[in-house]
Amino acid sequence: MSTAGKFFDWNIYQVYPKSFKDSNGDGVGDLAGITEKLDYLKGLGINAVWISPCYKSPNVDNGYDISDYRDIMDEMGTTADWEELKEGLHARGMKLIMDFVANHTSDKHYWFEQARSSRDNPYHDYYYWAEEPLNDWQSWFGGGSVWEYNPPTGEYYMHTFAVQQPDLNWTNPKVRREMRDIVDFWVSKGVDGFRCDVIDCISKDFERRKMADGPLLHDYLHELFGRREVEHIFTVGECRTDESTILATCGEGRDELKCVFQFEHLDTGRSDKFTRKKPDLDGLRAVLVKWQNFTQSHNLPYVIVTDNHDQTAFISRAGNDKKLRYESATMFAAMFYMLRGIPLIYQGQEIGLPNAHYDDISAFDDVETLNYYREHAGTVPPDELMERINFGARDNARRPMPWSGGKNYGFGEGKPWTALHSRGGEINVARDLESGKSVYAFYRKIFELRAEYECLRNGKFEDITPRDGCFAYQRRGENGRVVVVCNFEKSGEIAVPDCGGLRCVLSNYGGEGRTVSGEYAPYEAAVFVGVL
């Protein structure tokens, strides 16, 4: 049975709990802090919350190194706090999505502590081992080989990411059983869905030298999620995506994942993660149109995303995050979140929070960033290296959420676990809500329109862009249509054909009397509605 459309009325908000709200003054965000802000999220129009890992973890990779899948990280609170959060969400008609990290564990997990102790240990085959490195694969976090020597057994284990994140051996049926049990454990406790971290990495292909998307990936996914007990839950995969792999993973009758992220557009404004380049917004439009047409033609849902915990602020790469920050943030909001798909926004995105800036590496915490700094220190001039770090560090997405202009910008009473956002005094929730140019208010209106107009949830997408330098599209349903016009960096005339009888319902420049065709300012966006 097709699942397209089943989740199109979900508006998902990603919380990075360590940086969202500190409720007890220890400097670390926690589950009680999320519960404290549920009305804020409900007021925005959010009806599903994805929480990045809150499981037991030594936090080498900020919770993505899990030492106990069934318990809560000490800094995040207790299982009782988790239950209160779940109940608070469900009482407000909101869904709870948890992170599912299946490719690797922490090296402090009981399984790995046992596995590394002896070749004869029952848990030894839960991980990949070799007498010598099997290949020259390099860690995706930098720092060298994926093969790390383990003296007690005289072998090397594999870690796609940090040394402290050994990869699980999914060819072992016991590992697959453990993962199914973990999914069932959380579903039985009331979880409504999972975001599946680097899920394509669970199948390797050593013969064809592929660290991900191996030959058994679809067997594993079907075994994990193609079961009647979990067929009702939402699942979205973080994996490499092209047309064939999406169809193989989410297509009709596959019974694997409900949908996947599509990240091709996230390369906008950079040549690699730490190197800026001039954004090509016409190229961005082309990518979005390609994926809209593809998913529509195959009746596939997918998640619309610009920002997450692994990405720098999209407006800082693709727009103007200084003088036209509000205009950039709201134009991209209209451009993306009226598209066909499931909206997902990341904490701080709803107030147009851009990248931060620091002069010293001591302000950074992310393992990937620190590895990059060590590898390039001495070969790249210090000022240039820090510019790269400020541009590309995942820390940009992990700064404590600025709620107000007060102490620690309202994040909490204790010293925050990492440096506060360098622009938190200028850009915070309280200030945005009081502003005549509120990004939050613009997002709220987008979600209101998606709820009001059926064609924004289930209608057809059609690109009607008349020229380069802008993006115009329409969504058509049985009883009406919505037209979205987004101008890029330069002001100019946009003439959109066949758009009579429409009225403007949303504009970031003031839309009273705004017509579809006409002069548009830099980063201007307008939304029009009408009947067919």
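This is a predicted model: local features need pLDDT of at least 70, side-chain atom pairs count only at pLDDT 80 or more; totals for chains, interfaces and linings use all residues.
## A residue and its neighbours

Contact here means that heavy atoms lie within 4.5 Å of each other. Val483 belongs to strand S18, which covers residues 480–487. Its relative accessibility is 0%, so Val483 counts as buried.

What is Val483 in contact with, once its neighbours within four places in sequence are left aside? The list is Ile464, Tyr473, Gln474, Cys499, Leu502, Val516, Ala526, Val527 and Phe528. For another view of Val483, look at Ile315: the two are 168 residues apart in sequence, and their C-alpha atoms are 23 Å apart in space.

## Aromatic pairs

A pair of aromatic rings is described by the distance of the centres and the angle of the planes. This structure holds 40 aromatic pairs. One of them joins Trp129 and Tyr157: the ring centres are 5.9 Å apart and the planes stand at 70°, so this pair is edge-to-face. Trp129 sits in strand S6 (residues 129–130) and Tyr157 in strand S8 (residues 155–158), so the pair ties together parts that are 28 residues apart in sequence. Both Trp129 and Tyr157 are buried.

Now find Trp140 and Phe161. Their ring centres are 5.5 Å apart with the planes at 85°, so this pair is edge-to-face too. It links distant parts of the chain, 21 residues apart: Trp140 is in the loop between S6 and strand S7 (147–150), and Phe161 is in the loop between S8 and helix H5 (173–188). Trp140 has 30% relative accessibility, so it counts as partly exposed, whereas Phe161, at 8%, counts as buried.

## A ring cluster and two arginines

Which residues do ring pairs link into a cluster? They are Tyr55, Tyr69, Trp82, Tyr110, Trp111, Tyr123, Tyr126, Phe185 and Trp186. Phe185 also has an arginine over its face: Arg70 lies there, at 5.5 Å from the ring centre.

There is another arginine to look for. Arg514 lies over the face of Tyr520, at 3.8 Å from the ring centre.

A disulfide is a covalent bond between the sulfur atoms of two cysteines. How many disulfides does a search of the whole structure find? The count is 0.

Cys201 is buried, with a relative accessible area of 0%.

Strands of a sheet pair through backbone hydrogen bonds, either parallel or antiparallel. Is strand S9 (residues 193–197) mostly covered or mostly open? It is mostly covered, with 5 of its 5 residues buried. Gly193, Arg195 and Asp197 point one way from S9, while Phe194 and Cys196 point the other way.

S9 runs parallel to strand S5 (residues 95–101), and 5 bridges join the two. Val101 has Asp197 of S9 as its bridge partner. S9 is also joined to strand S10 (residues 234–237) by 4 bridges, and these strands run parallel. Gly193 stands opposite Phe234 in S10. From S9, the chain crosses through helix H6 (residues 217–225) to S10, in a right-handed β-α-β crossover.

## A three-stranded sheet

Back to S6, S7 and S8. These 3 strands form an open sheet with antiparallel pairing, in the order S6-S8-S7. S6 and S7 are the edge strands, each pairing on one side only. Between S6 and S8 there are 2 bridges, and Ala130 stands opposite Tyr156 in S8.

## What covers helix H12

In helix H12 (residues 382–392), the buried residues include Leu385, Met386, Ile389, Asn390, Phe391 and Gly392. Which elements cover the buried residues of H12? Among them are strand S12 (270–272), strand S13 (275–276), helix H9 (314–318) and helix H11 (367–376).

Methods: Residues are numbered from 1 along each chain as its sequence is written. Side-chain values use heavy atoms; hydrogens and water are left out. Rings of Phe, Tyr and Trp (its six-membered ring) pair if their centres lie within 6.5 Å; planes under 30 degrees apart count as stacked, over 60 as edge-to-face and the rest as tilted. Buried means under 20% relative accessible area, exposed over 50%, partly exposed in between (1.4 Å probe, protein chains only). A charge sits over a ring if NZ of Lys or CZ of Arg is within 6 Å of the ring centre and within 35 degrees of the ring normal. A disulfide is a pair of cysteine sulfur atoms within 2.5 Å. Two strands pair if DSSP finds at least two bridges between them. A crossover is right-handed if, with the strands pointing away from the viewer, the path from the first strand over the helix to the second runs clockwise.
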